[in-house]
Amino acid sequence: MTEIPRTPQGFVPPSRFAVPGRIAVSNRAAATWQHATVLEIRRETPAVSTFRLKVPEWQGHLPGQHLMLRLTAEDGYVAQRHYSIASAPDGSGEIELTLDHVPGGEVSGHLHTVARVGDTVEVRGPLSGFFAWPGDRPALLLGAGSGVVPLMSMVRHHRAAGLDLPLRLVVSARTRQDLIYAAEYAEETTAVLTRTEGRLNAAHLAPFLGAEGQPEGGWEAYVCGSNGFAEHASRLLVAGGQPVDRIRIERFG
C-alpha cells in the first residue's frame, strides 16, 4: 500500500494534474464497490444530517470530490446516488456525507428515517477530479443550501493542513436555521441569509473581486448549488472580473 504523505500541519492528500485544471482520478478506486459502516448520524438542520462512515479500504480523496452510494433491498432492488464528501481528507478511512432529506428520495429517505449506527451501505469513489481543490491555489467558494457540502471539505482541509493560501467562503441559505455547519464558520465565511438580505448579489462578492480584493495570482472559484444558483453566482463572478476559465461549477437539481 502506498504511504500517505504527511506534513507537520496535518494530512496532505497526493494529487496529480492529468490536464490543466483537472485532477487525475484512480479508475480502479472509482470502479470498486466497498462496504461502509455507519459510525455516527449527526443532525445539522431540521432537514439535513451528516453520516460518518468507516470505509476500511478507502484510498483517500481530495476536497471537492464525491462518491456513489448504493443501497440494496432484500428483494434485490438497487438504488444509488452521487453524494459530495463533506470531510477533509485525513487518512483515517472515515468519511462524512451531509444529505438533505429529499421528499420521496429513495436513498436520502432511507438514510434519514431508517438507517442506524452500525448499518452497512456500499460506496465507490472518490469520483471526479474537475471540482477538486488540493490546496495549491487561492480559493473563492460560493455555495447555496447543501451545495456548501463539498466546499466545507475544502474549508476543513484548509484548516487541518494549516494552509496559508487565501480561502474565502460565501454561503447562501434562507435563514440561520437552514445554514448547514453554522457553528463551524469563522472569519473566512460570509453568510447570506436570503429571507432577510435578499438574493446573493454583487455587493456580497465585491470585497473579494477587483484589484483590492484579489490575492496574488487571482482566485480559483468554486460554485456549487442548484441550477439557478450556479447560473446566478457564476454570472456575478464574471461581472466582477473573475476569468471564466477559472470558475468551476457543480450543480444539482
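Predicted model: local features only at pLDDT ≥ 70, side-chain atom pairs only at ≥ 80, totals over all residues.

Q: Which residue in S15 is the bridge partner of tyrosine 222?
A: Arginine 248.

Q: How does the chain cross from S14 to S15?
A: Through helix H7 (residues 227–239). This β-α-β crossover is right-handed. That term means that, with the strands pointing away from the viewer, the path from the first strand over the helix to the second runs clockwise.

Q: And how many bridges join S11 to S14?
A: Five, and the two strands run parallel. Leucine 142 stands opposite valine 223 in S14.

Q: Why is S14 largely enclosed by the rest of the structure?
A: Because six of its seven residues are buried. Buried means under 20% relative accessible area, exposed over 50%, partly exposed in between (1.4 Å probe, protein chains only).

Q: New topic: aromatics. How many aromatic pairs does the structure hold?
A: One. The rings of phenylalanine 131 and tyrosine 222 have centres 5.3 Å apart and planes at 85°, so the pair is edge-to-face. Rings of Phe, Tyr and Trp (its six-membered ring) pair if their centres lie within 6.5 Å; planes under 30 degrees apart count as stacked, over 60 as edge-to-face and the rest as tilted.

Q: Where do the two residues sit in the chain?
A: Phenylalanine 131 is in the loop between strand S10 (120–127) and strand S11 (139–144). Tyrosine 222 is in S14 (residues 220–226).

Q: Which ring does the charged end of arginine 248 sit over?
A: Phenylalanine 130, at 5.4 Å from the ring centre. A charge sits over a ring if NZ of Lys or CZ of Arg is within 6 Å of the ring centre and within 35 degrees of the ring normal.

Q: What is the average pLDDT?
A: The protein chain averages 89. pLDDT is the predictor's confidence in each residue, from 0 to 100.

Q: What are the ground rules here?
A: Residues are numbered from 1 along each chain as its sequence is written, and side-chain values use heavy atoms, without hydrogens and water. Local features need pLDDT of at least 70, side-chain atom pairs count only at pLDDT 80 or more, and totals for chains, interfaces and linings use all residues.

Methods. Helix = DSSP H or I, 4+ residues; strand = E, 2+ residues; numbered from the N terminus. Pairing = 2+ DSSP bridges.
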